[in-house]
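Please look at the sequence and the structure together before reading on.

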Amino acid sequence: MERITIEEMEAIQGEKLVIDIRTKEEYERETYPGALNIFWEEFDERIQEIPKGRPVYLICYTGARSDELTVKWNDKGYELYSLEGGFVSYRRLKLLQFMEEEDNRERRQKDVERSIVKKFRKEIWRKFTKAVNEYELIQDGDKIAVCISGGKDSMLMAKLFQELWRHGQKNFEAVFLVMNPGYNEINFQTIQTNAKLLGVPITVFESQIFDIVASDVESPCYLCARMRRGHLYNKAKELGCNKIALGHHFDDVIETILMGMLYGAQIQTMMPKLHSTNFEGMELIRPLYLIREEDIIHWMNYNELHFIQCACRFTEHCATCGGEEKGSKRAEIKELIRELRKKSPYIEKNIFRSVENVNLSTVIAYKEDGVKHHFLETYDKKES
């Protein structure tokens, strides 16, 4: 088997033919500079596009799929090389290079902060402050645990809270809380490095959630999500906080609405804030509620930031998904909304507003405080 390390590949002079065999979505999000994209499942049928007699470097997520293709096709006259460690090794190299650029940290931090209130003022800053005000997410004296998972959404949320403080709203206190549920070394290091770059003073605590849910084969994601939220509430309360802030955005909200209708047979939404039922006196708030995911991605790319995508123990070594949610119900809903958007630019806003414009006179039944009500209860009374 022919393998090449990321350092060896970087050292090659001149033009390199690099093929990223991850999904199109992963490729478009971030890839090796100049790489082409041929999904590994389509590689065999597109092999005629691969030149013989020329070195070709394959990148998957961890190196597993590229190893398989290298073994298969090198015996048939091709000169393929598998990137050892896959895209993860490239990310690790970028991280090390980034750490060496410490002198640029202060400048980059200021650029990131300036971009929020200048270039992305309309798309991000105004929508953040609108959500805070419209849904009354922050009250005087609040101490908020801003929960950081290490992804783009929570990292942006942390910077928005800092900017809110800097721009005069000093009636609250924020703790930037990072829980390590069992991240691998590169993901945890990425979170710490990004926090340092962005000037976010994180408070880290450990848990063993990944180890605990590893035995739950049927629904590890559901169990993991519940346990993570419980640990965050518990730690936040221990630190004297009365609220936790999560990084769910506009797209999460509309996806939840459609998922509830199509797969849950119910009309519900992801609320902008909730009282905790298990932790007395605690609330959950979602300050990114009105911000579009595409604008968060634009902000991230504009500032050349690289965050972890999914640090789940069950997907981090999967060459086919690379830590993505491919194949999930939410991924199906994302694709459905993407197709509907091609037909009308108003689809997403209409989905969002649908749960703000519920007409109970035209609803067969609904629940309030756990009690079900039916239209027949008042039907004859209205006539009289």
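Accessible areas here come from the Shrake-Rupley method with a 1.4 Å probe. On that basis the protein, which is shown as a predicted model, exposes about 20700 Å², and carbon and sulfur atoms supply 49% of this area.

**The protein as a whole**

- The protein contains 15 helices and 13 strands, and along its principal axes the C-alpha trace spans about 85 × 50 × 45 Å.
- Of the 384 residues in the protein, 46% are buried, where buried means under 20% relative accessible area.
- Among the contacts with a separation of 6 or more, 72% are between residues 24 or more positions apart.
- The protein carries 56 positive and 63 negative side chains, and the centres of these two sets lie 4 Å apart.

- Which residues of helix H6 are buried? In this helix, which runs over residues 121–134, they are Ile124, Trp125, Phe128, Ala131 and Val132.
- The cover over the buried residues of H6 includes helix H5 (105–117), helix H7 (152–166) and helix H12 (293–302).
- H6 packs against H7 at an angle of about 70°, and the axes of the two helices are 11 Å apart. Because angles of 65 to 115 degrees count as roughly perpendicular, H6 is roughly perpendicular to H7.
- On the H6 side this contact is made by Ile124, Trp125, Phe128 and Thr129, while H7 contributes Leu156, Leu160, Phe161, Glu163 and Leu164.
- H6 is followed by Glu136, and the phi of Glu136 is positive, near 50°.

**Two loop residues with positive phi**

- Most residues other than glycine have a negative phi, and this is the background for the next two points.
- Ala265, a residue other than glycine, has a positive phi near 55°, and its place is in the loop between helix H11 (250–264) and strand E10 (273–275).
- Is Ala265 buried or exposed? Its relative accessibility is 74%, so Ala265 counts as exposed, since exposed means over 50%.
- Glu304 is not a glycine either, yet its phi is positive, at about 55°, and Glu304 lies in the loop between H12 and helix H13 (329–343).
- Glu304 has a relative accessible area of 59%, and therefore it is exposed.

**A buried cysteine and an exposed lysine**

- Where is Cys60 found? This residue is in the loop between strand E4 (56–59) and helix H3 (64–74).
- Cys60 has a relative accessibility of 1%, so it counts as buried.
- Cys60 and Ile144 are 84 residues apart along the chain, and their C-alpha atoms are separated by 39 Å.
- Lys382 lies in helix H15, which covers residues 376–383, and because its relative accessible area is 59%, Lys382 is exposed.
- How many residues apart in sequence are Lys382 and Glu113? They are 269 residues apart in sequence, and in space they are 57 Å apart, C-alpha to C-alpha.

Conventions
Residues are numbered from 1 along each chain as its sequence is written. This is a predicted model: local features need pLDDT of at least 70, side-chain atom pairs count only at pLDDT 80 or more; totals for chains, interfaces and linings use all residues. Side-chain values use heavy atoms; hydrogens and water are left out. Helices (H or I, at least four residues) and strands (E, at least two) are DSSP runs, numbered from the N terminus. Buried means under 20% relative accessible area, exposed over 50%, partly exposed in between (1.4 Å probe, protein chains only). Contact means heavy atoms within 4.5 Å. Lys and Arg count as positive and Asp and Glu as negative; His and the chain ends are not counted. The place of a charge is taken as NZ of Lys, CZ of Arg, CG of Asp or CD of Glu. Axes are lines fitted to C-alpha atoms, for helices over the stretch in contact, and angles run from 0 to 180 degrees between N-to-C directions. Angles under 35 degrees count as roughly parallel, over 145 as roughly antiparallel, 65 to 115 as roughly perpendicular and the rest as oblique.
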